[in-house]
Amino acid sequence: MYKDKAYRIIESDVKNGKTTHAYLIVCQDVNLPVYLKEYAKILLCDNGLACNSCRTCKLIDKEILPDCKCVFKDKILVEDIDEIIADSNLKPVEKDKKVYLISDFSLVNEKAQNKLLKTLETPPQNVYFLLAGSNEYKILPTIKSRAKKIEISPLDETEIVKILAPVCPDVEKLTTSASLSGGYLEKTKILYNQVEREKEIVKQILSSMKKSPQIPYYSKFITKDNVGKIVNLFKIVFSDLAKFHSGQNSFYFFSENDLDLVRALSNEYSTGACIELIEKCSSYEKALFFNANFSMLADDLLYSLLEVKYKWQKL
């Protein structure tokens, strides 16, 4: 099992008797509860190893261990925090400690964060809080000062492929998914199972959308759920085309069966157009991170594909 930075730190703290009452894990991956449950096993495992096979580890995975409370919601309210505080003052049922997992803590409003702050300042004995947030700027400084903050940085694509190869055997598909994930394991696993449909959408747009009146039709294929993947895929497409222009034939997006399409697209999109569109896709990624309107962004993306292509063709 791969042990990320937070896992190694918490494991070391437990072994050395330096466990703190609260950890704040900052990570932009999806499925943050998966991370938190692994960390909880370090604190509670029957064998002291996060073995994944003992009764405690299995109950943590199922989120039904009485002494490991999981609060995984899109919207965590003051009432939820009140329940956590009240429960934290009760003695453990089975273990010698209690652990609270809260995700995504970035989505907890200021009032609820302030409510939890008092408990973090003077926590009950043998009570531990594992908080996970995707955006630390939405977490109060006072919360961050009461917890041990650990940031999980993105991994290199080759490292992701190596880690996930045993469970994701299609190397080409895994490599594409890793390149789309921003360097995160859970995103890669999700993309591995979903990326084919988005790739077909991108290919259809590139092959068939030739004029701006077609934009409303093709923008219907870009939704709130897939817009991030679509933008990432376009970025990879133009990176592949730029490499093709320089004489390279190793691709992330395209397969060997796509060589005719690659040649056709390279005639439409010059090296300069590819570079400009890569930069535009990067700006769209940033806009999405700050909650840009996905519908407007989709239209702008499709318009840019045409505008940049024809601009460079005239030069």
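**Sheet, cores and cysteines**

Helix α1, residues 5–15, lies across β1, β4 and β5, and runs at about 145° to β5. Before I go further, please keep in mind that this is a predicted model. Helix α2, residues 32–44, lies across β1, β2, β3 and β4; its angle to β3, which spans 98–103, is about 170°.

Now the sheet under those helices. In what order do the strands come? The order is β2-β3-β4-β1-β5, five strands in an open sheet with parallel pairing. At the edges are β2, residues 68–72, and β5, residues 148–151, each of which pairs on one side only. On average, neighbouring strands here are turned by 15° against each other, ignoring direction.

One pair in more detail. In β4, the residue opposite Tyr23 is Leu130.

As a general remark, nonpolar side chains in soluble globular proteins tend to be buried together. In this model the largest nonpolar core has 41 residues, and the members that touch the most others are Ile205, Phe234, Phe238, Leu241, Phe254, Tyr269 and Leu305. Which helices supply it? At least two residues each come from α9 (185–208), α10 (215–219), α11 (227–245), α12 (259–268), α13 (271–289) and α14 (294–314). Helix α11 gives the most, with 11 residues.

Take Leu305 as an example. Setting aside neighbours within four places in sequence, Leu305 is in contact with Ile205, Met209, Phe234, Phe238, Tyr269 and Leu277. There is also a second, separate core of 36 residues, which includes Tyr23, Ile25, Cys27 and Cys168.

How many disulfides does the model have? The count is 0, with the cut-off for a sulfur pair being within 2.5 Å. For Cys27, the nearest cysteine sulfur belongs to Cys168 and is 17 Å away, and Cys27 is in no disulfide. Is Cys27 buried or exposed? Cys27 counts as buried because its relative accessible area is 1%, and the limit for buried is under 20%.

Cys274 is in no disulfide either; the nearest cysteine sulfur, that of Cys281, is 11 Å away. Cys274 has a relative accessibility of 0%, so Cys274 is buried.

That is what I have; I will take questions now.

Definitions and conventions. Residues are numbered from 1 along each chain as its sequence is written. This is a predicted model: local features need pLDDT of at least 70, side-chain atom pairs count only at pLDDT 80 or more; totals for chains, interfaces and linings use all residues. Side-chain values use heavy atoms; hydrogens and water are left out. Buried means under 20% relative accessible area, exposed over 50%, partly exposed in between (1.4 Å probe, protein chains only). Two strands pair if DSSP finds at least two bridges between them. Helices (H or I, at least four residues) and strands (E, at least two) are DSSP runs, numbered from the N terminus. Axes are lines fitted to C-alpha atoms, for helices over the stretch in contact, and angles run from 0 to 180 degrees between N-to-C directions. Contact means heavy atoms within 4.5 Å. A nonpolar core is a set of buried Ala, Val, Leu, Ile, Met, Phe, Trp, Tyr and Cys residues joined through side-chain atoms within 4.5 Å.
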